[in-house]
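Me: Before we go through the packing of this protein, could you put the structure up, so that each term can be held against its definition?

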Amino acid sequence: MNIPGLRSPHDKVSGLVHFGRMLDKIRLHQQGTLPVDYLSNLGDGFDKLCAQFLGVPYEEIAGQAKGGAADDEVLAWCRARGKKFTDDEAFAWGEFLRKRGWNDVMSERLRQRKEAAGFSSRDEIQTFFDYIDADEGRPVRPIA
């Protein structure tokens, strides 16, 4: 399902994957346009992992996004308030997240999600980022 205003988890904000998507979901929820299917994972899953990496509670990040701050402003606020991390640490974390479901402990869950969505024959879907993009009608980006 294509959701206007919702980025791919691959899209980066200042080098961080998923961060922009998390902010999009927060803002779409605030506007009342985030699909109901997304509500149960709001602040959980990749959102939770992102907040943990930043060292800032999800609810506080959501407050910044809901207050009208731009993506880079929210990230700068998180960096000032939360965990200090290097560009190399952000890259390593991003690679971990980007490859989630590919030959790891989440592979079986990804297989189940693909099957439930009718994607069992789509071998190009190898990660949860791939699954999200396919599910939302975007092209799958190969693991590189």
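This is a predicted model: local features need pLDDT of at least 70, side-chain atom pairs count only at pLDDT 80 or more; totals for chains, interfaces and linings use all residues.

Me: Why are helix 1 and helix 3 called roughly perpendicular to each other?

Reply: The axes of helix 1 (residues 19-31) and helix 3 (residues 58-66) cross at roughly 65 degrees and come within 9 Å. Angles of 65 to 115 degrees count as roughly perpendicular, and helix 1 and helix 3 are therefore given that description. Their crossing is right-handed.

Me: What makes the contact of helix 1 with helix 3, by residue and by class?

Reply: Helix 1 brings Met-22, Leu-23, Ile-26, Arg-27 and Gln-30, while helix 3 brings Tyr-58, Ile-61, Ala-62, Ala-65 and Lys-66. By class, this contact has seven nonpolar, one polar and two charged residues.

Me: How do you know that helix 1 is roughly perpendicular to helix 4?

Reply: Helix 1 and helix 4 (residues 71-81) pack at an angle of about 110 degrees, with their axes 11 Å apart. Since the class runs from 65 to 115 degrees, helix 1 is therefore roughly perpendicular to helix 4. Phe-19, Leu-23 and Arg-27 of helix 1 meet Asp-71, Val-74, Leu-75 and Cys-78 of helix 4, and these residues divide into five nonpolar, no polar and two charged.

Me: What makes up the lining of the largest pocket, by class?

Reply: Its lining has eight nonpolar, three polar and eleven charged residues. Of the 22 lining residues, Asn-41, Phe-46, Arg-113, Phe-128 and Ile-132 lie nearest the centre of the pocket, which holds about 680 Å³ of space.

Key: Residues are numbered from 1 along each chain as its sequence is written. Side-chain values use heavy atoms; hydrogens and water are left out. Axes are lines fitted to C-alpha atoms, for helices over the stretch in contact, and angles run from 0 to 180 degrees between N-to-C directions. Helices (H or I, at least four residues) and strands (E, at least two) are DSSP runs, numbered from the N terminus. Angles under 35 degrees count as roughly parallel, over 145 as roughly antiparallel, 65 to 115 as roughly perpendicular and the rest as oblique. A crossing is left-handed if the near helix is turned anticlockwise from the far one by less than a right angle, and right-handed if clockwise. Contact means heavy atoms within 4.5 Å. Ala, Val, Leu, Ile, Met, Phe, Trp, Tyr, Cys and Pro count as nonpolar, Asp, Glu, Lys and Arg as charged, and the others, Gly among them, as polar. On a 1 Å grid over the protein atoms alone, a cavity is a set of points where a 1.4 Å probe fits but cannot get out, and a pocket is an open set with protein on both sides within 12 Å along at least five of seven lines; lining residues have an atom within 4 Å of a point. Grid points are joined across faces, edges and corners, and a volume is the space filled by probe spheres set on the points.
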